[in-house]
Amino acid sequence: MTRVTSRHHLLALLLALTGAGLLVAVALIACTRIESRFVHSIATELSDAKLQGVALQKLAFNQKDLLVLYGSSELVKDVPNRASEFFEPYPTGFRVFPVGKAGTVSLAILQKIAAVGGDLRGRKVALSLSPSFFFDETVNADYYEGNFSALQASELAFSGELSLALRRDSARRMRLYPGTLDEHWILDYALQRLAGDSPADRALYAAVWPLGKLANAIGRAQDHIEAGLQISEENPAPDTKPVRIAGINWRDVLKAADSHAKKPQNPRLTQRPKGSRDASFVASLTAADEWDDLELILRTFRELGAQPLLLSMPLHGPDLETTGVSSAARASYGARLTSLAAKHQAPLVYFDEFENDPAFWADNLDHPGTKGWAHYNKVLDDFFHERTKL
């Protein structure tokens, strides 16, 4: 009697698990179809599903008419000519797919890119840099933690496409922010073992590898379902691509942007003797952890076979000059950036010729204004269509 009852219980459990598995499979198929159908319609949005997940970013890289642009608060600030809106009607045959929000430092972007993995191979990708992130020796913990994604971090930690050395160096940086790992013991344990890099650590990392891959598989499934449900709730209109591509007269666009640009109303700054802050400025710039994280990104691009483009806003020349940072000290940023990009063979466009043009910015932060975005957009368009060798 007990055996029969046990068998009935086992059969009921098996049927329940099978039913649950079928429901999950159906949900995954449905949500994946929703993602594919609406990925162009939601290209300009900055939802949690896009920023914290993996599915939508992977999907975007597999669209021939989308250019993924990673960045920070400049992608959010409402400014005329912002790339996501400028290219939305496909003026030259593609649309920009922005990924980033305020405080998205390089360490967070690193994990987003690593999570995309092999879908980056042979794909164009643009990265907008915020110079002010390089002015402090340590990364702002609030910025990093506010942009942290456990799924993206775990995809990096258990990546089979990145070298062990790159995962080790990334883990050592990620371990400096333990608050992000408190509720993710598998990820935390893996990062500890990667960072340690002893023979024992490697053996223990290998032991936890299956658990990490299983956790990632579950996380990706959940990510698909959440993305599909979020898109369904937003109920976006079906995407309509133009049949004819009008094209752009960039000379007219840049001229119009220049004529409509407005100088931002910046706060009044305290005048300091010329060059009085040069030593401290250069010291902080030289020691900034952001350089290490940017180099990790560039190494990731190379290992994944991506085709990257780096763009950097100019420094606020007049403001820095007023507060005691000379042009010679400011040049240290461009020199370091150019050297790092060349080391990893990454094309770079640094708009330093506009350093003394206040109309290039929207404010006293790293946000392009109407004029700044016009120049950014010209570079993005040339990059996408491979018109010029950058």
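**Exercise 1. Which residues touch the most other members of the largest nonpolar core?**

Before starting, note that this is a predicted model, in which local features need pLDDT of at least 70 and side-chain atom pairs count only at pLDDT 80 or more, while totals for chains, interfaces and linings use all residues. Residues are numbered from 1 along each chain as its sequence is written, and side-chain values use heavy atoms, with hydrogens and water left out.

Step 1: recall that a nonpolar core is a set of buried Ala, Val, Leu, Ile, Met, Phe, Trp, Tyr and Cys residues joined through side-chain atoms within 4.5 Å; buried means under 20% relative accessible area, exposed over 50%, and partly exposed in between, with a 1.4 Å probe and protein chains only.

Step 2: the largest core has 74 residues, of which Y70, F97, Y144, W291, L294 and Y333 touch the most other members. A second, separate core of 28 residues includes L69, F86, F354 and V379.

**Exercise 2. Describe the surroundings of T180.**

Step 1: T180 sits in the loop between α8 (164-174) and α9, where helices (H or I, at least four residues) and strands (E, at least two) are DSSP runs, numbered from the N terminus.

Step 2: with a relative accessible area of 8%, T180 is buried.

Step 3: not counting residues up to four places away in sequence, T180 touches Y144, E145 and F148, contact meaning heavy atoms within 4.5 Å. Its side chain also reaches the backbone oxygen of Y177 at 2.7 Å.

**Exercise 3. Compare the salt bridges K77–D363 and D382–K378.**

Step 1: a salt bridge is a side-chain nitrogen of Lys or Arg within 4 Å of a carboxyl oxygen of Asp or Glu, and by this rule the count comes to 21.

Step 2: between K77 and D363 the closest N and O atoms are 3.5 Å apart. K77 lies in the loop between β1 and α4 (83-86), and D363 in the loop between β5 (348-350) and α16 (370-385), so the pair ties together parts that are 286 residues apart in sequence. K77 is partly exposed, at 31% relative accessible area, whereas D363, at 12%, counts as buried.

Step 3: the side chains of D382 and K378 meet at 2.6 Å, N to O, and both residues lie in helix α16, four residues apart, about one turn of the helix. Here D382 is buried at 8% relative accessibility, while K378 is partly exposed at 26%.

Note on methods: Polar contact = N/O pair within 3.5 Å; in protein donor to acceptor, adjacent residues only side chain to side chain.
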